[in-house]
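Walk through this fold from the inside out.

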Amino acid sequence: CVSGCNCPEGLVLDDGGQCVPKDVCPCRHGGELYPAGSKIRQGCNACVCRRQRWRCGSEDCAGTCMATGDPHYITFDGKAFSFLGDCEYVLVREAGGLFAVTAENVPCGSSGVTCTKSVVVALGNTPRCPAGRDVTVNGVSVRPPKTYSGSGLTLQRAGLFLLLLSRLGLTVLWDGGTRVYVRLHPQHRGRVAGLCGNFDRDAENDLASRQGVLEPTAELFGNSWRVSLLCPEVDGADTQHPCTENPHRATWARKRCSVLTQRLFAPCHEEVPCQRFYDWCVFDACGCDSGGDCECLCTAIATYAEECGQRGVHIRWRSQDLC
């Protein structure tokens, strides 16, 4: 026998000091405890808390690719990289020619950072849609909401975003500034290529060039997806961190971006590690030195908040003091 207080066999000690069956133990999510039987959503699947574990459905979910800031990318399969190209690039292209999404990046700071100027969606031989604050379809200016019944194309406003929906299983969102999201239905898994990767559940092969060669650097990979070969190639060796070139902005950038690491966003830290998004935030806040300073900062914070929201952790972070 061992002296001391123990729960009877088959029971465990809960946070309140009571002996309870294992079946009623809670699950953790977003830094919070959820009682047995609680439900959350993970992507497109519902999850239920049973015996301290989340039991989730196995439905194949849509994939999302993100281009944000100056510019930073997260592919459909979760590969993260930065690529400061000054050209129009293919974000995603369907192998059979069903659709293609390209983005034009232009310099937006004196240190060489670039930002998205326009997004173009081509659906087979149907409308080419440059999307942004001014929207045109086949060269004709339109005002969302607008539906094109023949092509199954819908344009509408959704909060900060312009939303393009296609019955081909493609959704494009752009905030008109520096955030672009491309979402694909699972039917396109493994049938796409571009800066957004190939959507095959393997992040390790996402840096495949237009020629199908797996490139060792983001610069070689990104250069291969230029729409025009007349654009200059990016040489990563010549790129300096914007905070090095603009040291007077570094303290401000680190102070404002530190909100991502602090108490306000703490419930999300367990679901989405914040270090990468903090680094991107500091990079963008230092780099946007030709106007749009606060827009670059707030977009970087909003990008992390969106990742949290996609995992069921919703944070009310905007205020009069912050964005």
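The largest cavity has a volume of about 40 Å³. A cavity here is a set of points on a 1 Å grid over the protein atoms alone, where a 1.4 Å probe fits but cannot get out. Grid points are joined across faces, edges and corners, and a volume is the space filled by probe spheres set on the points. The structure holds one cavity of 30 Å³ or more. Its lining is made of T68, H72, F277, W280, D284, A300 and T303. Lining residues have an atom within 4 Å of a point. Two elements, α5 and α6, each give two or more residues to this lining. α5 gives the most, with three residues. By class, the lining has three nonpolar, three polar and one charged residues. Ala, Val, Leu, Ile, Met, Phe, Trp, Tyr, Cys and Pro count as nonpolar, Asp, Glu, Lys and Arg as charged, and the others, Gly among them, as polar.

The model is predicted: local features need pLDDT of at least 70, side-chain atom pairs count only at pLDDT 80 or more, and totals for chains, interfaces and linings use all residues. Residues are numbered from 1 along each chain as its sequence is written, and side-chain values use heavy atoms, with hydrogens and water left out.

Stay with α5. The helix has 13 residues and reaches 18 Å from its first C-alpha to its last. That is close to the 18 Å expected at 1.5 Å a residue, where the expected span is 1.5 Å times one less than the number of residues. Why is α5 largely enclosed by the rest of the structure? Ten of its 13 residues are buried, so the rest of the structure largely encloses the helix. Buried means under 20% relative accessible area, exposed over 50%, and partly exposed in between, with a 1.4 Å probe and protein chains only. The buried residues of α5 include F277, W280 and D284, and F277, W280 and D284 are also among the residues that line the cavity.

Now the open spaces. A pocket is an open set of points with protein on both sides within 12 Å along at least five of seven lines. The largest pocket has a volume of about 810 Å³. It is lined by 30 residues, and A62, G63, T64, F76 and R311 are the closest to its centre. β8 (63-68), β21 (179-184), α5 (275-287) and α6 (293-310) each give two or more residues to that lining. β8 gives the most, four residues. Twelve lining residues are nonpolar, eight polar and ten charged.

The second largest pocket holds about 220 Å³ of space. Of its 13 lining residues, A302, A305, E306, G309 and W317 lie nearest the centre. α6 supplies the largest share, six residues. The lining divides into seven nonpolar, three polar and three charged residues.

Next, the packing. A nonpolar core is a set of buried Ala, Val, Leu, Ile, Met, Phe, Trp, Tyr and Cys residues joined through side-chain atoms within 4.5 Å. The largest has 41 residues, and F76, L91, V92, V101 and L170 touch the most other members. Strand β11 (residues 88-94) gives the largest share of this core, four residues. Apart from this core lies another, of 34 residues, with C243, F277, A300 and A302 among them. V101 touches Y89, V90, L91, V92, V119, V120, V121, L170, V172 and V182, leaving out residues up to four places away in sequence. Contact means heavy atoms within 4.5 Å.

Two single residues close the tour. S166 is found in strand β19 (residues 161-166). S166 is buried, with a relative accessible area of 10%. Its contacts, aside from neighbours within four places in sequence, are L123 and G152. N205 is found in the loop between β22 (192-193) and α1 (218-224). N205 is partly exposed, at 21% relative accessible area.

Last, the whole chain. There are six helices and 22 strands. Helices (H or I, at least four residues) and strands (E, at least two) are DSSP runs, numbered from the N terminus. The C-alpha trace spans about 80 × 55 × 40 Å along its principal axes. Of the 323 residues, 48% count as buried.
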